[in-house]
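Please examine the protein chain shown below. The paragraphs after it lead from the chain as a whole to particular pairs of residues.

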Amino acid sequence: MKLFIFPFVAITGLIAPQLAATASPSQSVPSIAALRGGYFGGTQTITLASFYAGSSAGGGTLVANSGDTTSADDSCTIYLDAAGHRFRRSLTGNVLNVAMCGARCGGVQVMDGRSISGSANITSATARWTSTMVGWRAVVNRAGASGRQIDTAVAAVTAPGSLTLVAAAGVTGSGEIVSVYPDDTAALDRAIAAANKNKLVVQLPAKAICGYANPGISVIKLISGPGLQLNSGTLWLAQTGPTIDNGVGLNFTANGSSVVGPGTIDGLYQTDQGAPQFNTSAVLFANTTSSSIVGHVIIQNTKGRAFLASGVKNFAVSDVVLRNCGDFAFHPASGDIMQGRSMCGDVSAPSGTLTVKNYTANDAAQAGLLVYGPTDASFHATISNCHFSGSGYYGLDLEEIKGAVDVSNCEHTGNGVAPSAGLIYGGYIIRDVARANFTNIKSSLTDSNAFVAQSVDANNNLTEWSFNGLQITGTSPRHAGAIYLAFNWTGSPQRVSLSKVGYDSITIYANSPQCSTAAPRQQLLTFDDVRASRLYTGGAQTAFDVQGNPGQKLYVQAHASDLGTVNVKPLAGNQNAIYFDLSGVQINGAAANSATPFKCP
């Protein structure tokens, strides 16, 4: 027994000094796997080359935390070696890069994919696919049944320009968008969880493409930290295939949280699959204060809204491009023609201030930007330097706002859908906004209702509308770019002024107030330098459609204007419902006579 014990003790005594002798205050480790498989007791600092061996991403400095004996290895900020020693990442600032959590972010995309019906082979002349992509996700636009999307996996790579998929194509086609990427779902979720816990900004690797796999349902990732920094990278949300509202969205819940560019968030949705899509937003802010989307952010190819800001206070959007939102091919069989068709940007029930500048929205199945109340009277929205095109409904849609809206330097180009689709479409709609001021607004190549302003709700009824520098032009040969103004009196004075306005046709619908000697001009419509193009031939170029009750009055004052061909709709029982002061105004090509001065009976 003594002989047995003595060597054991002696060996034990030798081992401990040997470990202590080889321990170093600082060591370099090639990967997280090497860290977890090694023994680093006594090491104070580890220089990590990368998360995965052979990679260059996800490295950094790790610091020993000897006082911590309970924290779990979260594969992001805390790692354990084989002996249970804990090492914590030393981060610069408050940013956590998702590569530090194991996201590979190796997505690639080509635009020249070719498919053959019944074959699982996809080819491309520009692709440089490699064997490391086997098992990765593969999304191919217009290669599935009826030209819909395929969302499958890579079974084999037979050449740099040839993939074998798990699922076969349903059509023969070319020019297909092929997106191939590793499934980063687990790593992205780890990064969000660690960032939420430590109040860190989630950051993408520079100029890399990271991607979620389609979860088969709608999954909203909660980000309770300061926000997301795109870092010139791209995040794919896998809102793929025609199934309604499945895919991934991001919900930012903290006050002051932001999505910061430059970079791209891409739903990967093919927007002509004929399915109603509107609930799965790419980016969501709910009931936050001072949140924002800023810094050259692109959000595109989404099933639902590119972003939804609901119940926000002091919200800002700056230098943002949104495109391909919703499904253009879906048309409801009955009821609301916009049901199942999503807008690009949506700000609902805001308070405080809303600031939107340098905003572009192209090809929204519904509106390019919707701002929808209710709001209180102190709410103030400022929208400037905006560009809209291809909207299925309107480019800019403002509704139910008791406060004020200022819009300047905005342009809308083109209709979103052909007239045969049976949809209402146009450039701008303002419905039940108390105070609106529009300056330097254009809508070109837009027939039908290019600019609509309506006030019918007593809770948000207009008090002052000003349209200064509004230019509306339709398409040749229709020349039917129309302005439509409609307002009902609800007991308060109303002022609508148009200055430096050009149009093909304009219709003014008014339910005017009861005339009284105390307030003889409760409803005042003024024109200054307002000119019809004289190209519209489908009816009167300027039409007054007065729908008041007997005894109600509307006062129209115009100067230095050319209203083209004019029609004033007669109203039985109310022959004096509209009064004109048209000094220096051209009507039907001739100078108009001034009307009898306004006088209440």
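A residue is called buried under 20% relative accessible area, exposed over 50% and partly exposed in between, with a 1.4 Å probe and protein chains only. By this definition, 52% of the 601 residues in the protein chain are buried. This is a predicted model, in which local features need pLDDT of at least 70, side-chain atom pairs count only at pLDDT 80 or more, and totals for chains, interfaces and linings use all residues. Residues are numbered from 1 along each chain as its sequence is written, and side-chain values use heavy atoms, with hydrogens and water left out.

The protein chain holds three helices and 42 strands; these are DSSP runs numbered from the N terminus, helices (H or I) of at least four residues and strands (E) of at least two. Six strands, in the order 7-8-11-10-9-12, close into a barrel with antiparallel pairing, where two strands pair if DSSP finds at least two bridges between them. Within the pairing of strand 7 (residues 108-115) with strand 8 (residues 121-123), there are two bridges.

The structure also contains eight salt bridges, each a side-chain nitrogen of Lys or Arg within 4 Å of a carboxyl oxygen of Asp or Glu. One of them joins R137 to D151, with the closest N and O atoms 2.9 Å apart. R137 belongs to strand 9 (residues 137-140) and D151 to strand 10 (residues 150-159). In another, the closest N and O atoms of R142 and D272 are 3.0 Å apart. Both lie in loops, so this pair ties together parts that are 130 residues apart in sequence.
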